[in-house]
Amino acid sequence: MAAQRDLKQLKVIVIGAGPAGVRAAQALVEAGLRPTVIDEGRRDGGQIYRRQPEGFSRTYEALYGTEAARAESLHRDFDALRAHIDYLPDTLVWNIAPKVVHVVRGTQYDELPFHALIVCSGATDRLMPVAGWHRAGTFSLGGAQVGLKAQGCAIGARTVMMGTGPLLYLVAAQYVKAGATVSAVLDTSTLAQRVRALPHLLAMPRTLRNGLALMGVLRRARVPVHRGVTPLAIDGSSAHGVTGVRVKLASGSTLDVNCDAVALGYHLRAETQLADLAGCEFHFDDATQTWLPHVDADGRSSVAGVYLAGDGARVRGADAAERAGRLAALAALRDAGIEREGAVQLRAELARYTRFAAGLRTAFPWPARFAADLPDDTIVCRCESITAGELRHVVREMGATEANRAKAFSRVGMGRCQGRFCAHAGAEVIAAEARVPLEAVGRLRGQAPVKPLPMALASACATSCAAESAEKEFSE
């Protein structure tokens, strides 16, 4: 009975209801706990398995293609958990303080204490600016996918998909299967890079076959696919938005594609802002050329009681996220004195996904070289309309070779997206202009709130942030 009381008193919060969050919650419920699951979305599934709104009737096969069975399994398992968890949908985590999560739902503000926190924040698009990408009609690949899944609509009548990575082909195939017109798929990676990656990609043959199946969908629909392209510009005007895309082909010739919408993205990057607010230590990862939070093999961060799982810690895909979510929950349980089996097998399975992810980086590399070639009038920070030329100016004239210093002088990353769209590319521009390694540029410090809040909550949130800041200053 004493053990049961301890379980009931143990407050565990899971942030995110995607593959990692659902499996983490499932493991906690199986151990006898009742976790709180916070979901920014209206329904569970995360981005990859985002559910369509109530009243929509598209089949799993139509929505998720080769991943239909996995999506249905995740949704079914979450439905079974609903009676055993405290589920908070449509809820934004805007700050994390020691042992407290700050949330807002509509105009309701709350503070949720925890003993253990499992952050499953997922991934977001990794973006490289191109001249004209600020025009109306330019979306990220993830944004284009959200429109299709959550609103049942395409972003345009004639859409170009441009960038690189598995998501490029997944979204293009989903648009084709939904009956939308894809004018072209413009991939910056080459066939030779895919061949070099093959030994690593063979670690997950089923996933590799699914990727080839997506290309088959495009081939049968006669969608033009061009590899090894260099983006030149997204053409259009303020009055009409996007009207076309210009790229340089691998042959050296220029290709113009007429369209009224562009979906842009270069694979994915871990969404780490919440880990930053939680006080987790970060390190520069040479393989991905990004800053990532420190985690051990089971998902423990550098902060006691805070665990990171899924693509929010390491981008390895939805299947890996499910395993990482469960593994992080097992670690949280073990640290609370509750032993559960399965960690050894989960670690072994994750090793295969790590190898496959390395293959994807080789097959679809981040085109860092494009940053140095951006014209000076290309907007890098869309929120604040900061151009590449302005960013280069603060590097040359003000010595701002560090990300936060450049932010202070130029306002890059100060907008409502908090650098989610521009921080990585902005750092590349700074590194190229300063002729320093990307690691030397550093990363933008996280600030609360991570996303805009209703004005009605401004007073309560300001008080909370001020108190937290004062406590930190006193402790230092």
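This report covers confidence, sheets, a hairpin and helix packing in a predicted model.

## Basis and confidence

The model is predicted: local features need pLDDT of at least 70, side-chain atom pairs count only at pLDDT 80 or more, and totals for chains, interfaces and linings use all residues. Residues are numbered from 1 along each chain as its sequence is written, and side-chain values use heavy atoms, with hydrogens and water left out.

The protein chain has a mean pLDDT (the predictor's confidence in each residue, from 0 to 100) of 92. In 94% of its residues pLDDT reaches 70 or more. Where pLDDT is low, the predicted coordinates should not be read in detail.

## The five-stranded sheet

Helices (H or I, at least four residues) and strands (E, at least two) are DSSP runs, numbered from the N terminus. Two strands pair if DSSP finds at least two bridges between them. Five strands form an open sheet in the order E9-E16-E10-E11-E12. The pairing is parallel. Strand E9 (138-140) and strand E12 (225-227) are the edges, and each pairs on one side only. From one strand to the next, the twist averages 20°.

Within this sheet, strand E10 (residues 159-164) pairs with strand E11 (residues 182-187) over five bridges, in the parallel sense. Gly163 has Asp187 of E11 as its bridge partner. Helix H5 (residues 141-150) packs on the sheet. H5 touches E9, E10 and strand E16 (261-266), and its direction makes about 90° with that of E9. Such angles run from 0 to 180 degrees between N-to-C directions; axes are lines fitted to C-alpha atoms, for helices over the stretch in contact.

## The antiparallel sheet and the hairpin

A three-stranded open sheet has the order E4-E5-E6, with antiparallel pairing. Strand E4 (92-97) and strand E6 (108-113) each have a single partner strand, so one side of each lacks a neighbour in the sheet. Neighbouring strands are turned by 20° against each other on average, direction ignored. E4 and strand E5 (residues 100-105) run antiparallel and are joined by five bridges. Ile96 has Val101 as its bridge partner in E5.

Strand E13 (residues 230-237) and strand E14 (residues 241-248) also run antiparallel, joined by seven bridges. A hairpin of three residues links E13 to E14. Gly236 stands opposite Val242 in E14.

## Helix packing

Helix H10 (residues 318-335) packs with helix H11 (residues 343-363) at about 145°, and their axes are 10 Å apart. H10 residues in the contact include Asp319, Arg323, Leu327 and Arg334. Among those they meet in H11 are Leu346, Glu349 and Tyr353. The contact has eight nonpolar, no polar and six charged residues. Ala, Val, Leu, Ile, Met, Phe, Trp, Tyr, Cys and Pro count as nonpolar, Asp, Glu, Lys and Arg as charged, and the others, Gly among them, as polar.

Helix H13 (residues 388-398) and helix H14 (residues 403-410) pack at about 105°, with axes 10 Å apart. The two are therefore roughly perpendicular (65 to 115 degrees; under 35 is roughly parallel, over 145 roughly antiparallel, the rest oblique). Leu391, Val394 and Met398 of H13 make the contact with Arg405, Ala406, Phe409 and Ser410 of H14. By class, these residues are five nonpolar, one polar and one charged.

Conventions. Contact = heavy atoms within 4.5 Å.
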